[in-house]
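Please consider the following points on the structure shown here.

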Number of protein chains: 2
Amino acid sequence: MLSKNTIKHIQSLRLKKFRQKYRKFVVEGEKMALEILQSTELELEGLYALPEWLEKYQAQLIVASSKIHSLSAKDLERISSLKTPNKVVVVCNIPTYSLELPVLNNSLTLFLDGIQDPGNMGSILRIADWFGLPYVFCSLGCVDIYNPKVIQSSMGAFLRVKPIAIEITDLQSQCPDLNIFAAVLDGLNVFTTKLPKNGLLVIGNEGNGISELVRAAANYQIMIPKGQEGGAESLNAAVATGILCSALLNR
Amino acid sequence: MLSKNTIKHIQSLRLKKFRQKYRKFVVEGEKMALEILQSTELELEGLYALPEWLEKYQAQLIVASSKIHSLSAKDLERISSLKTPNKVVVVCNIPTYSLELPVLNNSLTLFLDGIQDPGNMGSILRIADWFGLPYVFCSLGCVDIYNPKVIQSSMGAFLRVKPIAIEITDLQSQCPDLNIFAAVLDGLNVFTTKLPKNGLLVIGNEGNGISELVRAAANYQIMIPKGQEGGAESLNAAVATGILCSALLNR
């Protein structure tokens, strides 16, 4: 049985305020739990699971046995933030990633300028993971990467992608030669324009696009060309991120 | 004031059963309401709005004055399926689109094989609208295009894109020479393989991918190449759709 304090602690991590205070976040789901056990980047604080799950994965759990806790279905419901709780809830320390300038300069990376929707943020982390982008930078106005909905929709991408919360001016002062591509609705055709191979691709907020501050910092304003009969005003932010990354990487 | 029957009728359209029975669906939001008034494809059954909204858009509303109804904020809450209702709710007839084979044969089009998430469906409609794809075919296992969440997240794309519910075998029997591209995780690199320009791009279900039936029907199995350091198991279905459409169209 879990103590009231443990339950309260885990529940508190639904809020950004407490995730930042304790530097911890929650992950739910069998597959991600097993991946975390094998991760060298993430440090486990505790794993809370139904007895049948613990029994099934005994062998994998040995590495962290002191941090494994059995719990009842009722307690699982209490600590889960899912409508239909899975069998296991994991609490991890939020990792701190340092920025390696040579890696940054020789890669395509992302800067998210105020992405608000957790589902979009999760999808974008999956894109970064799929293409192996070393960093995803997030402006301070973005939804928190460690928000439970982001973590769920990232499908484990947070285990490999390194998110760093930073403002673009700070990033530029650390790395002044960085090429910056701003995704806009009226820029250069990303498929036909000769562009440098590496750089920082900036994706704007779902409703307002890229802020003036960031637009002014960009070397290239790029866009996804519309079809002849195209009518939509914009694409979903994660969809646009996927198209631009794939276009920049496959030239 | 709205009659109880009108309120019940509009509420019933939250369910697919009643949308299919009455061949009607609901759209909420000021921008989409104004677009519907100008649409030549969609037939309006009724527009229900707060008095201040009706006053503001008097001029645009003349075209449909007999179908315009003023309502109270309380009734708006009753008929809206949004947490925070907008100022206007529209009921439209579900259009029936006919299939023009020459258009189908000379275009890129989409076939959605069991897409379940309303947000993904809405994002995919936006992609089809952006690139001007003439048709989006949906297997009978897909979430209903006229589901309120799909309509909201399509951002008006349903006004221009023509969705048709059909099974792939029926489509093939109507159009036997159609090139079929199946999006898979282990196919031909869409960026480097020579592929025909036109055809039907098939996108599978979020969890299970493309069904065996559809895979067997495909002429080409294509994929989005992973990055060298790429780790994710898959991309979000709407993101994958966007990347594949843009890659097929920009060659």
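1. Helix α3 (residues 30–38) of chain B lies across β1, β2 (44–49) and β4 of chain B, at about 40 degrees to β4(B). Helices (H or I, at least four residues) and strands (E, at least two) are DSSP runs numbered from the N terminus. Axes are lines fitted to C-alpha atoms, for helices over the stretch in contact, and angles run from 0 to 180 degrees between N-to-C directions. Contact denotes C-beta atoms, placed from the backbone, within 7 Å.

2. The model is predicted: local features need pLDDT of at least 70 and side-chain atom pairs pLDDT 80 or more, while totals for chains, interfaces and linings use all residues. Residues are numbered from 1 along each chain as its sequence is written, and chains are lettered from A and ligands numbered from 1 in the order in which they are written.

3. In chain B, four strands form an open sheet of mixed pairing, in the order β1-β4-β2-β3; two strands pair if DSSP finds at least two bridges between them. β1 (24–28) and β3 (68–70) of chain B are the edge strands, each pairing on one side only. Neighbouring strands of this sheet are turned by 20 degrees against each other on average, direction ignored.

4. Five bridges join β1(B) to β4 (residues 88–93) of chain B in the antiparallel sense. B:Glu28 has B:Val89 as its bridge partner in β4(B).

5. Between the chains, 30 residues of chain B are in contact with 30 residues of chain A. On the chain B side, α8 (118–131) and α12 (237–249) each supply at least two residues.

How values were computed: Two residues are in contact if their C-beta atoms, placed from the backbone, lie within 7 Å.
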